[in-house]
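Colleague: I would like to learn how to read a model of this kind feature by feature, with the general idea given before the particular case. Could we start with the surroundings of the ligand?

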Amino acid sequence: MKDVDLFLKKLHYFDKKFKLIINQHNNHLKVEYLELCELIDNYSSFITNRDNEKHWNHLQQSIEIKALIENLRNNSSICIQIVEKYRALVLGLENEEITDYFRNIEDCIVKEFGDFHINSQSKILMVGSGAFPLTLLMVAERTGAEVFGIDIDDEAVRLGRHVVNILGRHLSIQIDKKTVGELTVIKQISHIIFSSTVSNKYAILDQLYDVTNKDVLIAMRYGNGLKSLFNYPMQKVDETRWHIVGEIIHPQSVFDVMLYQKIQSHI
Ligand SMILES: C[S@@+](CC[C@H](N)C(=O)[O-])C[C@H]1O[C@@H](n2cnc3c(N)ncnc32)[C@H](O)[C@@H]1O
């Protein structure tokens, strides 16, 4: 079998596994969480394996394969949500081992804003904070900044608050089920981080233009090429509104980060 065929076979394997887990979860059947964590770790290694980059480039992007890629992106993102919820629920109950996926994310968080440093006066917002809001906790702990998280999922908001109550009581972290337009603090926000698995992140970026202050810095997590199997890719932005001020590529990590700022009007 050719390498690219083996690569495709592996994609079908992950697709089947993700669908099975989502089906179990939706039907309230027992999900083997340790197996799910292992699956996500294997998928993360698969995405960051340089050999697979070559196979990805040789893949004929037929309609079927495009559909497979989209399914993998959407379903791996749902599986991350399931595993974050599990991790939040068992927090404090079990001597939980940190998985490679979360270790990988932690590495990215440290380098998120490149040279644009956050300090204790900064106000940070994360769009898609999740049930286990690792980014919020780490940023607040390391910088002393005021940190806000928003999420569209009620359960993720409830569990996110629960995790912050256990791990970050001493920190200034607030999580809400709100849109960017509903946040009263939005004009004072200095930095915004987008979770890479928010499918409409570029539409939200567009909305942010009118409601944020002129110096706001956006860290957009994304994944192109092979990494688009796990992340929503980068999109073109309105060049009269936003421009790229930096790019942080993490070869060993599941996503990369693009930094945007507003085009300053000189009228
Ligand atoms: C599971 S977390 C993943 C965090 C991960 N570290 C990352 O960067 O992708 C993603 C969260 O985004 C939330 N989400 C998806 N679309 C959203 C939106 N339009 N607005 C706010 N939250 C959203 C999901 O409910 C989920 O809890």
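Modeller: A residue is near a molecule or strand if one of its heavy atoms lies within 4 Å of it. Of the 17 residues around the ligand, those that come nearest are Asp151, Ser195, Thr197, Asn200 and Arg221. Please keep in mind that this is a predicted model, in which local features need pLDDT of at least 70, side-chain atom pairs count only at pLDDT 80 or more, and totals for chains, interfaces and linings use all residues. Residues are numbered from 1 along each chain as its sequence is written, and side-chain values use heavy atoms, with hydrogens and water left out.

Colleague: Which residues have a polar atom 3.2 Å, 2.9 Å or 3.0 Å from an atom of the ligand?

Modeller: A polar contact is a pair of N or O atoms within 3.5 Å; within protein, one must be able to donate a hydrogen and the other to accept it, and residues adjacent in sequence count only if both atoms are side-chain atoms. Here a polar backbone atom of Ser196 is 3.2 Å from an oxygen atom of the ligand, while an N or O atom in the side chain of Thr197 is 2.9 Å from an oxygen atom of the ligand. For Asn200, an N or O atom of the side chain is 3.0 Å from a nitrogen atom of the ligand.

Colleague: How many helices and strands are there in the chain?

Modeller: Helices (H or I, at least four residues) and strands (E, at least two) are DSSP runs, numbered from the N terminus. The chain has eight helices and seven strands.

Colleague: In what sense do strand β2 and strand β3 pair?

Modeller: Two strands pair if DSSP finds at least two bridges between them. Strand β2 (residues 146–150) pairs with strand β3 (residues 173–176) in the parallel sense, over four bridges, and Val147 stands opposite Ile173 in β3.

Colleague: Is Phe7 buried or exposed, and which residues does Phe7 touch?

Modeller: Buried means under 20% relative accessible area, exposed over 50%, and partly exposed in between (1.4 Å probe, protein chains only). Phe7, which is found in helix α1 (residues 3–26), has a relative accessible area of 2% and is therefore buried. Contact means heavy atoms within 4.5 Å, and, not counting residues up to four places away in sequence, Phe7 touches Phe46, Asn52, His55, Trp56, Leu59 and Leu226. The C-alpha atoms of Phe7 and Asn52 are separated by 7.2 Å, although these residues are 45 residues apart along the chain.

Colleague: Where is Leu68 found, and with which residues is Leu68 in contact?

Modeller: Leu68 is found in helix α4 (residues 63–90) and counts as buried at 6% relative accessibility. Once its neighbours within four places in sequence are left aside, Leu68 is in contact with Leu8, Leu11, His12 and Asp15; Leu68 and His12 are 56 residues apart in sequence and 7.7 Å apart in space, C-alpha to C-alpha. For the chain as a whole, residues 24 or more positions apart account for 74% of the contacts with a separation of 6 or more, and 51% of the 267 residues count as buried.

Colleague: How many salt bridges are there, and which parts does the pair of Arg241 and Asp206 tie together?

Modeller: A salt bridge is a side-chain nitrogen of Lys or Arg within 4 Å of a carboxyl oxygen of Asp or Glu. By this rule the count comes to twelve salt bridges. In one of them Arg241 is joined to Asp206, the closest N and O atoms being 3.8 Å apart. Arg241 lies in the loop between β5 (217–222) and β6 (242–248) and Asp206 in helix α8 (residues 201–211), so the pair ties together parts that are 35 residues apart in sequence. Asp206 counts as partly exposed, at 39% relative accessibility.
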